[in-house]
Amino acid sequence: MALAPFNGSEANRLFLSTWLDDVDHFLAICGPRLEPGAPVRIDGGAVPEGLVSIAWRRPDGKRVWMAWAHQPMNVGLVDLVGGAAGAARPATWHQPVAATQREVRIEVGQPLRLDVGTELQILVW
């Protein structure tokens, strides 16, 4: 399917502006480059049907987990390693399309429970 040419209409300007805002939010979270990361382990062992789960690593060493689901679901992530040994540590759960985020805490030995929706969400730790 071909995209309609940019004709300078208000609708096209609005679309382009929104798209650029989305790209800005994505780059602010992920940075300019990502490398493949080790898969994130899901509580219960198997990735639930309909969950898209992609792990990355940023150049600064932080881990990035991108996820979305065909239908909203709650998942538990286990063995999120890093930080001081034996210490709880913060992570950030981003919703880049909505331009929102919230801080979550990774507790040693406990799965991190997150509600995954149908739009891209990104965990950084």
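**Ground rules.** I am working from a predicted model, in which local features need pLDDT of at least 70 and side-chain atom pairs count only at pLDDT 80 or more, whereas totals for chains, interfaces and linings use all residues. Residues are numbered from 1 along each chain as its sequence is written, and side-chain values use heavy atoms, with hydrogens and water left out.

**Six-stranded sheet.** I looked up the strands, taken as DSSP runs of E of at least two residues and numbered from the N terminus, and I counted two strands as paired if DSSP finds at least two bridges between them. Six strands form an open sheet in the order E1-E3-E4-E9-E6-E7, with antiparallel pairing. Its edge strands are E1 and E7 (100-106), each of which pairs on one side only.

I then followed the order from E1. Strand E1 (residues 35-36) is joined to strand E3 (residues 51-57) by two antiparallel bridges, and within this pairing Glu 35 stands opposite Arg 57. Between E3 and strand E4 (residues 63-69) I found seven bridges, again in the antiparallel sense, with Ser 53 having Ala 67 as its bridge partner in E4. These two strands, E3 and E4, form a hairpin with five residues between them, and Gly 61 in the turn has a positive phi of about 95°. On to the next neighbour: E4 runs antiparallel to strand E9 (residues 121-124) over four bridges, and Trp 65 has Leu 123 as its bridge partner in E9.

**Three-stranded sheet.** I also noted an open sheet of three strands in the order E2-E5-E8, with antiparallel pairing. Strand E2 (41-42) and strand E8 (112-116) stand at its edges with a single partner strand each, so one side of each has no neighbour in the sheet. Two antiparallel bridges connect E2 with strand E5 (residues 73-78), where Ile 42 stands opposite Leu 77.

**Aromatic rings.** I searched the whole structure and found one aromatic pair, the criterion being ring centres of Phe, Tyr or Trp (its six-membered ring) within 6.5 Å. Trp 65 and Trp 93 form this pair at 5.9 Å centre to centre with 15° between the planes, and the pair is stacked (planes under 30 degrees apart). The pair links distant parts of the chain, since Trp 65 belongs to E4 and Trp 93 to strand E6 (residues 89-95), 28 residues apart.

Notes. Rings of Phe, Tyr and Trp (its six-membered ring) pair if their centres lie within 6.5 Å; planes under 30 degrees apart count as stacked, over 60 as edge-to-face and the rest as tilted.
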